[in-house]
Amino acid sequence: MNWDWSAVADFMPRFLDGLLVTLQILVLGSLISFSLGLVWAAGLRARTRLVRWPVTAVTEFVRTTPLLVQLFFLYFVLPEWGVQFSALVTGTLAIGLHYSTYTAQVYRAGIEAVPPGQWEAATALSLPAHRTWLAVILPQALRRVTPALGNYVVAMLKDTPLLAAIGVLEMLQQARLESAATFQYTEPLTVVGVAFILIAYPASLLVRTLERRLVH
């Protein structure tokens, strides 16, 4: 087997397009998962069962079913009910929704780790509930959970190739299309594999650095 650098050069335009799509999915999916996860976490801590039980049921269902099944459901079933998005939007929503159920548990653990004295101090100062959450509880909780949230960003990156199943032109799908057109599989797939390493490994190092600085 001979490595063909010309095949790599020919693949570069497609690869860059796929890389841009992958990073777009990663950023937007992370924002969805972090934001929605905080909503789920608040619902899981609600005092009323009318809120807590439905949120628990939804998050457990999403967390215990495969992402690929959820992806197919959103892309192929929802249009039958009149709800239809592009493959890219569907994939981004699916990843964000799926991982929001994991970040919810991370948020909840961080909130429960805040010392009870902080809640008592806020009550003694007669702080309103929103002020207690925004100024006292969440800053302390987020400091504790940031490293764990970073780990889920890396996990989301590694799951982006699943979106090729519905036609999203991320890096792996671009490599598959290039290979099908040229019958050269080694170069495109190797480039994509190296790209994932070059993105994921520095991200992992950054997460470890954050963990050392924020937790210890």
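Predicted model: local features only at pLDDT ≥ 70, side-chain atom pairs only at ≥ 80, totals over all residues.
Reader: Where is Val62 placed, and which residues is Val62 in contact with, leaving aside its neighbours within four places in sequence?

Author: Val62 lies in helix α2 (residues 49-63), where helices (H or I, at least four residues) and strands (E, at least two) are DSSP runs, numbered from the N terminus. Contact means heavy atoms within 4.5 Å, and with neighbours within four places in sequence set aside, Val62 is in contact with Gln70, Leu97, His98 and Thr101.

Reader: Why is the pair of Phe73 and Trp81 called edge-to-face?

Author: The rings of Phe11 and Phe15 have their centres 6.0 Å apart and their planes at 50°. Rings of Phe, Tyr and Trp (its six-membered ring) pair if their centres lie within 6.5 Å, and planes under 30 degrees apart count as stacked, over 60 as edge-to-face and the rest as tilted, so Phe11 and Phe15 form a tilted pair. Phe15 is buried, at a relative accessible area of 9%. For Phe73 and Trp81, the ring centres are 5.8 Å apart and the planes stand at 80°, so this pair is edge-to-face.

Reader: What makes Phe73 partly exposed and Trp81 exposed?

Author: By the limits already given for accessibility, Phe73 counts as partly exposed at 37%, whereas Trp81, with a relative accessible area of 59%, is exposed.

Reader: How do you know that helices α5 and α6 are roughly antiparallel to each other?

Author: The axes of α5 (residues 116-124) and α6 (residues 129-159) come within 11 Å and cross at roughly 165°; such axes are lines fitted to C-alpha atoms, for helices over the stretch in contact, and angles run from 0 to 180 degrees between N-to-C directions. Angles under 35 degrees count as roughly parallel, over 145 as roughly antiparallel, 65 to 115 as roughly perpendicular and the rest as oblique, and therefore α5 and α6 are roughly antiparallel.

Terms used. Residues numbered from 1 in each chain as written. Heavy atoms only, no water. Buried < 20%, exposed > 50% of the residue type's maximum accessible area, 1.4 Å probe, protein only.
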